[in-house]
Amino acid sequence: MEPNSTSALARLAAVQNHLTIQPCFQRHAIHNDQPTGPADLARERANASFKVEDMTEVLLRGKENVEAMALAFQMIQRDPDLRMRAGHHHDLTRAEDREQTMRQIARTIELRKQIKDPRLQQALFTAMSFYSESFSMRIYVHEMLFKQAVTLFGTSEQQDQWLADIEAWRVIGCFAMTELGTSSNLRGLETTSTYDRATNEWVIHSPTLTSTKWWIGMAGETATHTVAICQTIVDGENHGINWFIVPLRDPKTGRLLPGVTAGDIGHKSARQGLDNGWIQFTSVRIPRQNMMMKWASMTPEGEFTPSPNPVLSYATLIPERFTLLGGSQVILSQSLTIAVRYGAVRRQGNHDEQILDYQTHYTSLMPGVAFIYALNIVDHELMTKWNEVAGYAQTDAGAFMREIPDQHGVSAGFKGAMSWYATEVLENCRRACGGHAYSSYNAIAGLIGDYGVMTTGGGDNAARYLITTLKWAQEGQEVLGSVSYLNDYKKVLSTSKTTLQDSRDLLHHDFVIDVLTWASAKKATEMGTILAEAGKTGFDEAWNTNQTELVRLADVHSWRYFLILYQQGINRHKHTPVYEALRKMGQLMSTFVLQKHLDLFLEEGYFDGSHAKMVRQLFLEQCKDLRKDAIPLIDAWAIPDFILKAPIGKYDGNIYPAYFGTVTAAQKSYEAPAYWHKYAHPMLNAKKSCKC
């Protein structure tokens with residue numbers, strides 16, 4: 001027989017084998033009324049290496065908080081003003097979504113006034129944030145961005161004037177920072193606030209189209225006031241940016257006030273329940289006292305005192321960036337719960353395997369599972385520190401100004417590094433669910449859309465901070481916080497090659513941190529030298545030429561500090577039953593970070609090929625090991641099915657009847673639609689042309 005004929009027969013045999021129903025599939029070939037999902041999930045839960053309840057207490061910081069969250073979820077499910085009254089969330093029109101979101105906010109504010117337990121108050125907000133991203137963002141704009149601007153930049157008298165009304169929602173605030181033409185480039189903002197000595201007023205003005213405040217949450221339809229960041233003009237001189245409270249709408253009628261033009265941005269990729277808007281100011285006059293004057297001030301006599309440090313004007317961006325960690329947990333925990341449960345329920349292969357047992361599947365999902373735990377632990381460490389620093393704004397201005405630069409640098413670095421990896425995790429979840437994730441009814445597509453804002457707002461330039469602090473360290477000035485290792489950069493770089501001999505070395509936190517310290521210090525000194533040699537005249541060009549390497553530097557530095565904070569956080573749980581699971585997830589994250597930057601270590605000769613293979617093999621082993629606890633680790637987030645809104649992620653594993661039921665419930669009619677009669681019917685019933 002000819003070789004080509006043999007090859008063709010071999011291909012035909014392979015196709016026939018592929019199409020033949022294998023013995024293990026016989027039970028699926030005709031029908032299957034006994035789903036395997038419930039039994040599979042029950043088995044996964046029975047084999048957990050820890051008690052799920054213990055892990056939930058770690059995630060929520062105590063049994064009392066766990067109980068409060070359970071009660072909050074129950075309140076939402078039972079309250080007709082908090083839950084979806086009918087239909088499915090993804091079938092709402094934009095107007096319906098807006099109304100529902102505002103109804104939820106009004107009811108939540110009402111309940112908070114009645115609830116005396118602060119734990120339950122916080123739990124209700126958190127639970128509602130899981131239930132609706134639009135709700136979460138509307139609340140966030142008012143209670144974090146608007147309110148925090150007053151607390152960080154307002155004097156005690158201004159706080160007395162505004163905070164009570166803000167907390168009671170007697171005013172509804174928004175945060176007017178970004179502009180149409182400059183986005184979050186604050187130095188380039190065009191909106192002006194010009195002091196009028198004759199009237200002791202500030203005149204807020206949008207001089208150009210590009211100065212239009214843009215993407216301002218709640219400005220589209222709702223907010224009565226905004227805190228606007230403007231270029232401050234006094235006697236013709238620009239004193240840089242400052243914050244001003246500007247009334248937008250009459251609280252009794254909702255009508256825009258004279259000089260204020262505002263509208264809605266329109267349809268977005270997600271969060272339709274949030275009225276993102278635009279604002280233009282046309283010579284809007286506000287009292288002198290509406291300038292936030294904790295750091296910069298204008299006296300009644302017209303004497304202007306600028307801020308002692310320009311960086312203070314950017315301070316409100318710090319908590320905005322830090323909240324990314326909490327927001328990421330909300331979205332990623334839901335996406336991973338759906339994807340991991342589906343992976344454990346869905347079976348496919350020659351031996352009818354759970355698809356979660358395939359290496360390509362668990363290596364794409366398990367790092368994400370470890371990541372959301374790391375986010376939870378690091379978030380707590382970060383916010384504890386930030387609350388301490390923010391407190392200095394009221395009690396110790398000197399301490400506040402000393403701490404702010406590092407807080408700014410950390411927030412910028414984490415904003416970039418963590419949000420970009422989170423988008424990768426979300427995409428992995430989508431792919432892991434195949435075509436079912438393309439359905440809005442399985443939630444992941446919507447969650448991906450919701451997360452888009454996280455990688456957009458706030459900026460993420462951490463490299464400049466690293467280059468600046470390295471220069472300080474080289475000049476003999478001690479640097480603090482996340483960059484303290486730069487004080488010893490010479491000692492760190494005295495070693496040019498790793499001492500790694502055994503993969504077990506990579507399981508030690510201090511060893512991994514030393515490796516990342518070397519990489520960050522190496523890249524920082526390399527970039528610092530290039531920029532210094534460029535001088536002032538060539539600095540901008542040199543910066544742009546090396547921008548990708550500077551981003552690489554910021555990424556290594558940020559992940560290094562992230563791992564340090566995670567270890568610091570889990571050390572508080574060292575004597576708990578779940579510490580071993582937390583430690584394993586930290587080790588996986590450490591290996592993930594090393595693998596992420598293997599190219600850097602190989603380029604610099606710090607690792608060789610054998611070291612790279614060691615890292616990659618350990619990563620595979622760690623993912624396989626953590627996969628054993630995949631379902632318990634997901635269950636510990638304790639997210640109810642009605643919050644997930646995804647039938648393929650159901651807790652009991654009986655996913656297909658729930659999925660089919662969701663789709664058929666949304667079907668309004670089985671009759672042919674109007675467009676069928678208008679367009680399809682004429683084509684189908686056209687008379688055949690005569691061929692005579």
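Predicted model: local features only at pLDDT ≥ 70, side-chain atom pairs only at ≥ 80, totals over all residues.

Biologist: What kind of pair do the rings of Trp202 and Phe244 make?

Modeller: Rings of Phe, Tyr and Trp (its six-membered ring) pair if their centres lie within 6.5 Å, and planes under 30 degrees apart count as stacked, over 60 as edge-to-face and the rest as tilted. The search of the whole structure gives 23 aromatic pairs. For Trp202 and Phe244 the centres are 5.2 Å apart and the planes at 65°, so this pair is edge-to-face.

Biologist: Which helices hold Tyr421 and Trp559?

Modeller: Helices (H or I, at least four residues) and strands (E, at least two) are DSSP runs, numbered from the N terminus. The rings of Tyr421 and Trp559 have centres 6.0 Å apart and planes at 70°, so they too are edge-to-face. This pair links distant parts of the chain, 138 residues apart: Tyr421 is in helix H12 and Trp559 in helix H17.

Biologist: Is Trp559 buried or exposed?

Modeller: Buried means under 20% relative accessible area, exposed over 50%, and partly exposed in between (1.4 Å probe, protein chains only). The relative accessible area of Trp559 is 0%, so Trp559 is buried.

Biologist: The charged end of which residue sits over the ring of Trp543?

Modeller: A charge sits over a ring if NZ of Lys or CZ of Arg is within 6 Å of the ring centre and within 35 degrees of the ring normal. Trp543 lies in helix H16. At 4.3 Å from the centre of that ring is the charged end of Arg464.

Biologist: Which residues does the UniProt annotation "binding site" cover?

Modeller: UniProt positions are given in the numbering used here, feature names are shortened, and annotations may be inferred rather than shown by experiment. According to the unreviewed entry, they are Thr178 and Gly217.

Biologist: Which backbone oxygen does the side chain of Thr178 reach?

Modeller: Thr178 is in the loop between strand E1 and strand E2. At 2.6 Å, its side chain reaches the backbone oxygen of Trp214.

Conventions:
Residues numbered from 1 in each chain as written. Heavy atoms only, no water. Polar contact = N/O pair within 3.5 Å; in protein donor to acceptor, adjacent residues only side chain to side chain.
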